[in-house]
Amino acid sequence: MAKLLAALMLLMVAMGPACAVVPASRADTSIALDHYRQEFAKAKGTSSLPSPADRNYLLFSDVLRRVLAEHVKPGTPQVLVEKAVAGLQKKKKEEPGATDRVLTEAALDAMLTSLDPYSAFLDSEHFRYMREQTQGEFGGLGIEVTMDEDSGLIRVVSPIDGSPAARAGLRTGDLIARIDEAQVKGMNLRDAVARMRGPVGTSVALTMRRNGGGNGGGGNGGPDAPFRVSLTRAIVKIQPVRYRLEGDVAYIRIAAFNQQTSHALDEAVEEMRRQAHGRLAGAVLDLRNNPGGLLDQAVNVADRFLEAVDIVSVRGRDPDENRRYTGTPGDLLAGLPIVMLINSGSASASEIVAGALQDHSRALLFGTRSYGKGSVQTISSLSGDIGIRLTTARYFRPSGGLVDCFGVSPNLEIKPANDNSEETHPDPATCDPHATPPPPPRAWRIEDLCPDVAAAPSKPDADRPLDCAVAAIRTRLMGTLIGRP
């Protein structure tokens, strides 16, 4: 099962200490925990069981109870403990001298990552990384990755705008085969990410494979031809919103949903309205390769363009904890037409915004199907500088459609002229097998919305989705077709 990095998250951040919770079956949990103590002692090569008061055992039992009470899907204590035991045994084999704390963390990591692609144990480094990322600045390569099950390599989901990865030309769908001289195949995602992270200013060499893209020099390398890039680790400052005028059309690039996003969006629209002397024809919201972020920011951004209507519903194990998020009166663009650009690198919070505006006929979506990450992760600190990321709910569009695996489909399927990247979507096995796929949206042809773009010879560097969006807004064809003046 694919394991995804934190930036591909819809986050409900709970940075306080983990609260005590009581699982449904105390007896089953006690039996499972006794089994864990026995297996831990075997791994250590001792006959004495860990004390119930041992801090490492208390840490493990606390996390197990949280999983049983809060994870979006009901779990079985014995099955979870078996996953944990396999993890600690593997770590003991790899590191015979591993401490009790290292073995405990390996057990927790194995148990949590077995739940779904997004739950994970966060050691001190990863916990700090999560906090930095939601605040908009962190050190690293600026690359969102997942495990590729078919190849056993690391697959690029999206590079972050302006990051070392983006400047090096890495693309969605690229595969990382080596990190420096170490082969990726056989590593877990956590170890691979740890190798890519490091002090700011140091370098790391990645050996890449690109389907049909070779070394990026015109596609002459052939399918899966390896190429090597050297990246210098840097402080990645996520500028959540960039903007410019395309004539009388506002172009707004939303790169991430962090704590600054909605405020930066307000400033961008105000500045472009000033530059256009109050005569904007509409706006293009570019959410391509936006991996997501904070739930409240996704709701705030969607609310900027919607009235008092449903935006998203979040549903977990406990019906009493389910929430529905609704907009407030007022539209930042006063009803001007909107086109949103999405692709398979658009995930999580991006899909909330895209789904809400599409369901309420506030925007048309151009591009390719979004990633399909429709679940909420809660981050909780456990003790000091470590924590867990646990999938606690899934979200549903205003129409009732589930986003997990299905994603959000565009009204017009269109790619940039030079886009040969492979689409990336979750493993269907991670989805609810009983979920009903959302109905397909109304679709248009490029000839319907931007006939001039359709008829023009395509230049190698043409951003056809953007060109078509601007043309559709300027001719007001879009507004007419979706029933707006």
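Analyst: A residue counts as buried when its relative accessible area is under 20%, as exposed when that area is over 50%, and as partly exposed in between (1.4 Å probe, protein chains only). The structure is a predicted model, in which local features need pLDDT of at least 70 and side-chain atom pairs count only at pLDDT 80 or more, while totals for chains, interfaces and linings use all residues. Residues are numbered from 1 along each chain as its sequence is written, and side-chain values use heavy atoms, with hydrogens and water left out.

User: Why is Cys468 called buried?

Analyst: The relative accessibility of Cys468 is 0%, and the limit for buried is under 20%, so Cys468 belongs in that class. Cys450 is also classed as buried, because its relative accessible area is 1%.

User: What makes the link of Cys450 and Cys468 a disulfide?

Analyst: The term requires two cysteine sulfur atoms within 2.5 Å, and the sulfur atoms of Cys450 and Cys468 are 1.9 Å apart, so the pair qualifies as a disulfide. The structure holds one disulfide, and its link is left-handed, with -90° about the S-S bond. Cys450 sits in the loop between α11 (446-449) and α12 (451-455), whereas Cys468 is part of helix α13 (residues 464-474), so the bond ties together parts that are 18 residues apart in sequence. Helices here are DSSP runs (H or I, at least four residues), as are strands (E, at least two), and both are numbered from the N terminus.

User: How do you know that Arg228 and Glu181 form a salt bridge?

Analyst: A salt bridge needs a side-chain nitrogen of Lys or Arg within 4 Å of a carboxyl oxygen of Asp or Glu; the closest N and O atoms of Arg228 and Glu181 are 3.0 Å apart, so the pair meets the rule. Arg228 lies in strand β9 (residues 225-232) and Glu181 in the loop between β6 (175-179) and β7 (182-183), 47 residues apart, and the pair thus links distant parts of the chain. With 47% relative accessible area Arg228 is partly exposed, while Glu181, at 57%, counts as exposed.

User: Which other pairs meet in a salt bridge, and how many salt bridges does the rule count?

Analyst: The count comes to 23, and among them are Asp266 with Arg304 at 2.7 Å, N to O, and Asp448 with Arg445 at 3.4 Å. Asp266 lies in helix α8 (residues 261-275) and Arg304 in the loop between α9 (295-303) and β15 (310-316), so this pair joins parts that are 38 residues apart in sequence. A network of salt bridges links Asp161, Arg242, Arg253, Asp286, Arg288 and Asp463.

User: Why is Asp448 called partly exposed but Arg445 exposed?

Analyst: Asp448 has a relative accessible area of 29%, which places it in the intermediate class, whereas Arg445 reaches 52%, and the limit for exposed is over 50%.

User: What makes the meeting of Gln377 and Lys373 a polar contact?

Analyst: Such a contact is a pair of N or O atoms within 3.5 Å (within protein, one must be able to donate a hydrogen and the other to accept it, and residues adjacent in sequence count only if both atoms are side-chain atoms). The side chains of Gln377 and Lys373 make one at 2.4 Å, and a further polar contact, of 3.3 Å, joins the side chains of Gln377 and Ser375. Gln377 is found in strand β19 (residues 375-383), and at 0% relative accessibility Gln377 counts as buried.
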